[in-house]
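Dear colleague,

I am handing over the structure below, and I would be glad if you could look through it alongside the notes that follow.

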Amino acid sequence: MQSLTQNLSFLSPLFSQVSESPEPKKIQLKSSFFKNPIFFTSHKSVHSPDKPISTEVFPKNPIFFTSLKCYHNPDKPISRNSSVSCITAHETPLQPLTMPEKVHCLACEFKSLPEPIDRVKRLLHYATLLPPFDESGRVEENRVKGCTTMVWLEVEMDSNRLMRYKVDSDSEITKGFCSCLIWLFDGAMPEEVLSVKTDDLAEMNVGMPSKGHSRVNTWHNILISIQKKTKNFVEVKDKDRSLTEFPPLVGSTDGFSVYGNYKEAQYMQESRQAGNEVEGPT
Amino acid sequence: MMMASTTVESAFLKIPSFGFVNPNNATSKLVSRSSVSLRFGFHFRSCATSSASAAEPASASSPSSVVNDGAKLGPGSLGHITRPDFPILHQAVNGSKLVYLDNAATSQKPTAVLEAIQNYYESYNSNVHRGIHYLSARATDEFELARQKVANFINASESREIVFTRNATEAINLVAYSWGLTNLRPEDEIVLTIAEHHSNIVPWQLVAQKTGANLKFLELTEDEVPDVGKLKEMLSKKTKLVAVHHVSNMLASVLPIEEIASWAHDVGAKVLVDACQSVPHMVVDVKKLGLDFLVASSHKMCGPTGIGLLYGKSELLNAMPPFLGGGEMIADVFLDHSTYAEPPSRFEAGTPAIAEAIGLGATIDYLSGIGMERIHDYEVELANYLYNSLRSVPNIRIYGPEPSRVFKRAALCSFNVEDVHPTDVATFLDQQHGVAVRSGHHCAQPLHRYLGINASARASLHFYNTKEDVDDFIRALTDTISFFTSFK
């Protein structure tokens with residue numbers, strides 16, 4: 001992960017001091033920064049049918065949001081009623097938000113928007129922050145089924161056993177949903193991903209039924225897809241891990257070679273039945 | 001991603017919120033209930049009415065004034081006059097006046113229908129066909145009267161040719177499983193079009209799998225209508241059933257059913273028509289069209305959800321085995337076998353949707369009070385206005401035929417906006433302007449695939465819509481396109 005200084009350096013004119021400590025989450029920001037609402041809010045300009053809305057007021061650098069928002073003061077609990085509770089600047093060490101805290105932040109943010117149309121516009125803004133999706137990933141096996149819009153989802157697990165996601169859609173509003181979900185889940189542990197419930201994100205709904213499965217509940221479908229694929233990864237990895245981590249205990253009829261625990265024995269029996277050569281550990 | 005709650009906001013200019021609109025407001029001042037009636041052609045069929053089901057539009061019982069036929073969409077149009085009968089239309093959605101343009105999905109219900117249902121539950125709710133007490137007798141009478149009204153409405157020979165189902169989908173499944181499993185053999189053919197609703201495709205796929213029959217699909221012409229010319233060539237001695245829509249819920253095209261039925265019968269095939277998008281909007285005469293089966297849904301014709309109808313010729317229904325088993329559809333039940341009732345009871349297992357059937361009867365009274373020809377004439381005008389208005393919006397692609405002397409369009413338009421997903425369009429129309437349209441594949445995925453698109457938006461009208469609804473929709477759509485264009 002980039003250092004916080006690198007992430008925030010483009011904002012140097014606004015900073016009185018940005019420092020990096022050995023526990024690299026200590027920042028000080030110029031007070032005027034927080035008084036400038038642009039970087040924290042959506043700006044709804046006057047829109048008339050004759051005058052297209054300006055979108056330049058929406059900051060487009062995702063790194064700023066990604067870095068700043070993930071930290072909070074562990075001594076200062078997040079207030080459910082405070083819409084700014086998830087972003088603080090202080091002098092004490094910061095810690096990454098937990099998954100429940102991130103979900104809460106996201107829900108709070110959307111809940112704080114006074115009009116349903118504001119959620120639409122917020123989602124459209126977040127759609128612009130979604131990383132590009134390789135055209136080669138737009139294949140049938142990556143499609144999220146059951147959506148009225150087209151959604152493609154790629155799931156991977158990195159070497160640190162953290163989940164990595166790439167997603168795209170042909171609908172801008174859906175891309176906005178995807179962007180929010182990626183912010184939640186990309187780089188998270190599988191267990192964290194699986195812990196999120198659809199009800200937790202009901203506040204994100206834009207004019208759609210808040211509960212229950214529906215073709216138009218796209219984000220619901222994407223969330224379920226993310227969790228299903230994550231679960232598959234976990235099961236495969238667990239299976240592989242169990243074959244390598246446990247010492248052989250079961251004797252075979254082929255001699256004195258012994259093989260792993262029950263799971264390993266089961267796997268090996270299945271493989272033999274399939275006609276594959278199975279080599280037990282020596 | 002977290003934003004502070006204090007925002008620098010400016011109000012987006014929007015249509016002023018009307019809040020709850022009084023049905024007697026300025027819009028309908030010209031056509032208040034007490035002052036206007038219409039130069040309607042009352043096209044009552046000989047359906048009896050009862051105190052429970054008197055459902056003429058309030059406006060129709062008022063003193064006469066002349067409707068200017070030359071300006072059918074102007075003040076005093078059918079839409080303006082009937083709107084007060086539909087309480088749901090007079091509300092604000094997301095701060096804007098509701099503009100309901102999703103009638104192909106489901107229609108709104110007039111007060112007369114709502115009152116009929118409420119009256120049933122308040123006055124004589126009881127199970128039908130079973131009890132001998134007063135309430136049961138009255139409920140049975142009203143239930144069977146509703147059946148008779150439906151029969152009259154589509155000019156069936158007798159009420160026994162009308163089977164009440166849950167909806168048109170169930171009606172098609174009934175024919176598929178009851179008639180289809182009995183009559184279809186391997187290599188037999190069922191002819192459909194690629195523009196069919198899923199409800200008129202999937203049941204046939206299921207039955208074809210079981211029987212070994214084959215499905216053949218008629219494609220579209222360059223005008224985006226089913227190629228009726230090729231349909232005749234597709235028919236052969238192998239064809240056992242032609243199952244087609246009357247009016248397409250996406251293309252708005254109208255098939256020449258009378259011709260199609262004639263060709264089908266020439267080769268010995270039966271004809272089933274999905275009339276969901278036609279029965280609510282025009283005169284449908286099953287005898288004139290020469291149909292063997294017809295299905296329709298109450299909820300698309302200003303009636304309640306939960307009830308649909310299957311019309312079947314008597315001789316066909318008499319020969320069909322039961323679909324669902326249980327009470328009501330039997331004659332005698334023994335431990336090892338049962339005998340079955342005559343149609344329509346044979347196909348109505350269990351307690352029926354009694355209130356809904358009575359509501360459907362009230363609906364037919366209401367529609368008949370206006371006149372289906374009157375409704376159709378008005379909607380043709382509105383359809384043309386919608387099409388021409390939508391066509392004037394830049395970067396719009398409308399699907400289906402261009403209206404002409406040859407091609408008549410129903411009052412709906414499926415469309416796409418260049419570079420803007422239809423779901424995004426529909427969401428913004430709803431959230432910013434209170435305009436209700438549909439987005440998706442409209443239960444016509446094969447048709448969308450054929451047209452090379454994943455989804456489309458659809459605006460669909462009914463007789464209670466007005467020219468102003470269309471104008472509001474076009475304004476809102478223009479604003480929506482402007483928003484997404486500038487956003488990108």
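Which residue stands opposite Ala459(B) in E17(B)? In this predicted model, that place is taken by Cys413(B). Strand E14 (residues 412–417) of chain B is joined to E17(B) by four bridges, and the two run antiparallel. Strand E16 (residues 438–440) of chain B is likewise antiparallel to E17(B), with three bridges between them, and here Arg438(B) stands opposite Arg458(B).

Ser456(B), Arg458(B) and Ser460(B) point one way from E17(B), whereas Ala457(B) and Ala459(B) point the other way, and all are buried. Because five of the five residues of this strand (456–460) are buried, E17(B) is largely enclosed by the rest of the structure.

Turning to the salt bridges, the count over all chains comes to 28. In one of them, the side chains of Asp168(A) and Arg138(A) meet at 2.4 Å, N to O. Asp168(A) lies in strand E4 (residues 163–169) of chain A and Arg138(A) in the loop between helix H5 (116–127) and strand E3 (151–157), so the pair ties together parts that are 30 residues apart in sequence. Asp168(A) counts as buried, at 6% relative accessibility, while Arg138(A) is partly exposed at 31%. Asp168(A) also forms a salt bridge with Lys175(A), with the closest N and O atoms 3.8 Å apart.

In chain B, the side chains of Lys149(B) and Asp365(B) meet in a salt bridge of 2.7 Å, N to O. This pair links helix H3 (residues 134–153) with helix H10 (residues 354–370), the two residues being 216 apart, and both Lys149(B) and Asp365(B) are buried.

With kind regards

Key. Residues are numbered from 1 along each chain as its sequence is written. Chains are lettered from A and ligands numbered from 1 in the order in which they are written. This is a predicted model: local features need pLDDT of at least 70, side-chain atom pairs count only at pLDDT 80 or more; totals for chains, interfaces and linings use all residues. Side-chain values use heavy atoms; hydrogens and water are left out. Buried means under 20% relative accessible area, exposed over 50%, partly exposed in between (1.4 Å probe, protein chains only). Two strands pair if DSSP finds at least two bridges between them. A salt bridge is a side-chain nitrogen of Lys or Arg within 4 Å of a carboxyl oxygen of Asp or Glu.
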